[in-house]
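Here is a short note for a colleague who works with coordinates. Please read it beside the model.

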Amino acid sequence: MRLNTSAQLPRGRSRTLTLLAAVLTLLGGLLLAWPGRAGAAADPLISRGKPATSSSSETSSLGAKNAFDGDGATRWASAEGKDPQWIRVDLGVTATISRVRLSWEAAYAKAYRLEVSQDGASWTPIVDEKAGNGGTDDWTGLSGKGRYLRLYGTARGTSYGYSLYEAEVYGTIDGGPPGGAFTVVAAGDIAAQCTAADSGCAHPKTAALARQIDPKFYLTLGDNQYDDARISDFRAYYDKTWGAFKAKTHPVPGNHETYDPAGALAGYKAYFGNIAYPQGRSYYSYDEGNWHFIALDSNSFDQSAQIDWLKADLAANPKQCIAAYWHHPLYSSGGHGNDPVSKPVWKILYGAKADLVLNGHDHHYERFAPQDPDGKATADGIVEIVGGMGGAEPYPIEQVQPNSQKRISGQYGVLKLEFTDSGYGWTYVGTDGQAKDTSPKYGCH
């Protein structure tokens, strides 16, 4: 049903209304106590903070994520004057949806559908509204099932667009993917100063590939924007491609982010904001499933603050599996070669039984066998991947390093990483959509 604000009734009916309210309250309590309704009443909010996308946004500050952030002062707004428009949320796992509550801004939908999908491609309607009047729509008693929920607007109620303060999805989680599995896309050295209008521009192609894979989240491995990573360049280039999924991105800076005339990392921080500084630093950590991810700033590995933080972070980590990523690789067969700035960090990670390290800087793809910080192959070593083929001009392979198992230069692409609660593997996918290399399957230490 839909709940909308009622007009004020005459004062002479107040006593009758008081009695009616008491009866309704009692009846409501009985209904909630009824076995068939108890579960629905208790269904939790499952959409808050989840990744969201939309067909359009009026401005960059009115993006889809605002409708799921739990803040009634922020909102999503579509482009004005255009039908149809849609907004969707990824619940992350399959869920049984029992209720959807929509809080409209003045620009509401007169006609819309609520739809569910398991794959984000095939949609099943669970609500079909043809006479919307704005305010708050509270749809209860639903029985949709899927990973995604979409509001698909077909007729605007005003001459503007569609605008939601909040969209709240309630229901029960049916369980996550088998073995806690999730997919991550990673790449470094991304946005050259070119656009899709230039046929030789690669970062629009890697972004299209990354978006098609539709992972749980994205990692960038530094040198996100060339040449000096100014905020104006971020907005002109990166934002037009990889910026489409900024809300799902966990970035790290590269050396080019330090060249900004406004100050080292100034444009990087201005563009990504709290996404790049969630803990108030240019390095941070987060968890997903049985994995602990550590994002580091290799421009400042010589500063004790980051090293001390890393040690404390690892000491407090309860997860079995550990992945770390930063820009400058300890080992590389490309033009930049090995960078010893990372060796102290490797030693700390190796002592904590870390499993995987991801880097960029050299503009090629390369994977290494498990090795220790001194480059000795060992079964309990760290696997390193160089993934610097996100869009910048490729570098040739120059001096092949020990334990290097595969190298590809000249083919742009992304890393498609598959994680489970006990291991991982990956595929290097070219912009033509074809797998260029597939790794062995590794177990966590």
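1. Basis. This is a predicted model, in which local features need pLDDT of at least 70 and side-chain atom pairs count only at pLDDT 80 or more, while totals for chains, interfaces and linings use all residues. Residues are numbered from 1 along each chain as its sequence is written, and side-chain values use heavy atoms, with hydrogens and water left out.

2. Whole chain. The protein chain has seven helices and 22 strands. Helices (H or I, at least four residues) and strands (E, at least two) are DSSP runs, numbered from the N terminus. Of its 445 residues, 50% count as buried, meaning under 20% relative accessible area with a 1.4 Å probe, protein chains only. Take the contacts (heavy atoms within 4.5 Å) with a separation of 6 or more: residues 24 or more positions apart account for 73% of them.

3. Open sheet. Seven strands line up as β12-β13-β14-β15-β17-β16-β18, with mixed pairing. Two strands pair if DSSP finds at least two bridges between them. From one strand to the next, the twist averages 15°.

4. Strands β13 (residues 291–295) and β14 (residues 321–325) run parallel and are joined by five bridges. Helix α6 (residues 304–316) lies across β12, β13 and β14, at about 175° to β13. Axes are lines fitted to C-alpha atoms, for helices over the stretch in contact, and angles run from 0 to 180 degrees between N-to-C directions.

5. Helix α3. Which residues of α3 (residues 203–213) are buried? They are His203, Pro204, Thr206, Ala207, Leu209, Ala210 and Ile213. Their cover includes β9 (182–187), β10 (217–220), β19 (413–419) and β20 (423–430). Asp214 follows α3 and has a positive phi, near 55°.

6. Largest pocket. Its volume is about 830 Å³. A pocket is an open set of points on a 1 Å grid over the protein atoms alone, where a 1.4 Å probe fits, with protein on both sides within 12 Å along at least five of seven lines; lining residues have an atom within 4 Å of a point. Of the 31 lining residues, Ala52, Ala64, Gly243, Ala244 and Phe245 are the closest to the centre. The elements giving two or more residues to the lining are β1 (52–54) and β3 (85–104).

Conventions:
Points joined across faces, edges and corners; volume = space filled by probe spheres on them.
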